[in-house]
Amino acid sequence: MVLLSMARRRVLPGFAPTLGFTLFYLSLIVLVPLAAVFLKSSGHGFDAFWTAATSPRVMASYRLSFGASLIAAFINLFFGLILAWCLVRYDFPGRKLVDALIDLPFALPTAVAGIALTALYAPNGWVGSLFAPGGALAPLFGEGGAKIAFTPLGVLLALIFIGLPFIVRTVQPVLEDMETELEEAAASLGAQRWQTFRLVVLPTLLPALLTGFALAFARAVGEYGSVIFIAGNIPLVSEITPLMIISKLEQYDYVGATAIAAVMLVVSFVLLLAINGLQAWSSRRGAR
């Protein structure tokens with residue numbers, strides 16, 4: 001009778017129709033398109049797939065896209081934690097404005113972000129001119145100065161820009177729910193600040209940090225609009241993998257485009273699976 005009454009109070013229908021709709025929707029939106037990528041890429045045999053997926057330009061784009069995405073995610077992991085900590089633990093003038101600006105990369109069209117970053121960091125931009133030959137900071141990098149836009153460094157800056165909100169917005173609610181009494185108790189027992197952070201605060205924040213890291217990395221790997229302008233698209237230097245896919249499609253090389261996309265899917269899935277496994281391990285460890 002108790003189970004029957006609980007079943008009657010459920011808003012959604014029973015397990016079978018709910019699961020069926022879930023699987024149907026997931027297959028229609030996610031699994032079928034992904035399966036089509038692998039089927040299309042393997043339609044002309046393994047040799048054609050391997051040639052398209054491992055050409056020198058494509059390999060260089062893999063190294064740039066995945067390498068810059070990982071570095072950008074790590075940088076955001078550090079600075080995003082500091083920013084979230086300041087927004088939660090400190091009250092200062094303009095805090096609400098800073099909190100609102102965190103979401104700007106979410107609302108800003110990616111093409112607009114790319115154009116703005118390019119105009120800012122180009123050799124004749126406000127910041128880029130400081131590093132260009134004759135700029136105020138150019139002597140720090142030698143006679144030729146340093147070039148930010150149209151280099152891999154520009155790609156990294158764009159990926160940091162679009163990935164920062166994922167870390168902040170994932171960590172911020174956990175910090176807000178964290179009781180400061182735990183830190184005060186650790187301090188009263190003689191723990192130093194670093195010990196309190198490492199043994200009390202960090203274990204609680206670690207699952208949220210890993211989640212934000214995974215989200216920032218996933219967004220950066222597939223980013224196109226904000227990167228394409230500042231990258232410069234120099235072959236073997238600053239071409240990102242999404243650009244290679246677009247180039248293959250413009251040449252009507254659908255097998256090559258899907259082959260590159262399949263490699264990106266596999267590598268991204270493996271990396272995200274490893275990050276999620278680490279997150280689950282840290283959650284189990286923190287629950288003990």
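Guide: Read along the sequence, this predicted model follows the pattern α-α-α-α-α-α-α-α-α-α-α-α-α-α. The chain comes to 14 helices and zero strands.

Visitor: What are the spans of the C-alpha trace along its principal axes, and what share of the residues is buried?

Guide: The C-alpha trace spans about 70 × 55 × 30 Å along those axes. Of the 288 residues in the chain, 36% are buried, a term that requires under 20% relative accessible area.

Visitor: Which residues does the record assign to a domain?

Guide: The unreviewed UniProt entry places "domain: ABC transmembrane type-1" on residues 62–275. In the model that span is 74% helix and 0% strand, and its end C-alpha atoms lie 19 Å apart.

Visitor: Which stretches carry the annotation "transmembrane region"?

Guide: According to the unreviewed UniProt entry, they are residues 12–39, 66–88, 100–122, 148–168, 199–218, 224–247 and 254–275. Two of these can be set side by side. Residues 100–122 are 78% helix and 0% strand, with end C-alpha atoms 27 Å apart. Residues 224–247 are 58% helix and 0% strand, and there the end C-alpha atoms are 12 Å apart.

Visitor: How many aromatic pairs are there, and why is the pair of Phe78 and Phe79 called edge-to-face?

Guide: The count is eight aromatic pairs. The ring centres of Phe78 and Phe79 are 5.0 Å apart and their planes stand at 85 degrees, so the pair is edge-to-face. The cut-offs are centres within 6.5 Å for a pair and planes over 60 degrees for the edge-to-face class.

Visitor: What makes Phe106 and Phe166 an edge-to-face pair as well?

Guide: Their rings are 5.1 Å apart centre to centre, with 80 degrees between the planes. This pair links distant parts of the chain, as Phe106 belongs to helix H6 (residues 104–107) and Phe166 to helix H9, 60 residues apart.

Visitor: Are these two residues buried or exposed?

Guide: Phe106 has a relative accessible area of 40% and is therefore partly exposed. Phe166, at 16%, is buried. Partly exposed denotes the range between the under 20% of buried and the over 50% of exposed.

Visitor: Why does Leu273 count as exposed?

Guide: Its relative accessibility is 52%, so Leu273 counts as exposed, the cut-off being over 50%. Leu273 lies in helix H14 (residues 254–287). Its C-alpha atom is separated by 39 Å from that of Gly94, 179 residues apart along the chain.

Visitor: How do you know that the charged end of Arg89 sits over a ring?

Guide: The ring is that of Trp85, and the charged end of Arg89 is 4.5 Å from its centre. The distance criterion is within 6 Å of the ring centre.

Visitor: How many cavities of 30 Å³ or more are counted, and what volume has the largest cavity?

Guide: One cavity reaches that threshold. The largest cavity has a volume of about 40 Å³.

Visitor: Which residues line the largest cavity, and how do they divide by class?

Guide: The lining consists of Ser65, Val155, Leu159, Ala220, Val221, Glu223, Val227, Ile240 and Pro242. By class, seven are nonpolar, one is polar and one is charged. Helix H9 (152–177) and helix H11 (193–221) each supply at least two residues of this lining.

Technical notes. Residues are numbered from 1 along each chain as its sequence is written. This is a predicted model: local features need pLDDT of at least 70, side-chain atom pairs count only at pLDDT 80 or more; totals for chains, interfaces and linings use all residues. Side-chain values use heavy atoms; hydrogens and water are left out. On a 1 Å grid over the protein atoms alone, a cavity is a set of points where a 1.4 Å probe fits but cannot get out, and a pocket is an open set with protein on both sides within 12 Å along at least five of seven lines; lining residues have an atom within 4 Å of a point. Grid points are joined across faces, edges and corners, and a volume is the space filled by probe spheres set on the points. Helices (H or I, at least four residues) and strands (E, at least two) are DSSP runs, numbered from the N terminus. Ala, Val, Leu, Ile, Met, Phe, Trp, Tyr, Cys and Pro count as nonpolar, Asp, Glu, Lys and Arg as charged, and the others, Gly among them, as polar. UniProt positions are given in the numbering used here, feature names are shortened, and annotations may be inferred rather than shown by experiment. Rings of Phe, Tyr and Trp (its six-membered ring) pair if their centres lie within 6.5 Å; planes under 30 degrees apart count as stacked, over 60 as edge-to-face and the rest as tilted. Buried means under 20% relative accessible area, exposed over 50%, partly exposed in between (1.4 Å probe, protein chains only). A charge sits over a ring if NZ of Lys or CZ of Arg is within 6 Å of the ring centre and within 35 degrees of the ring normal.
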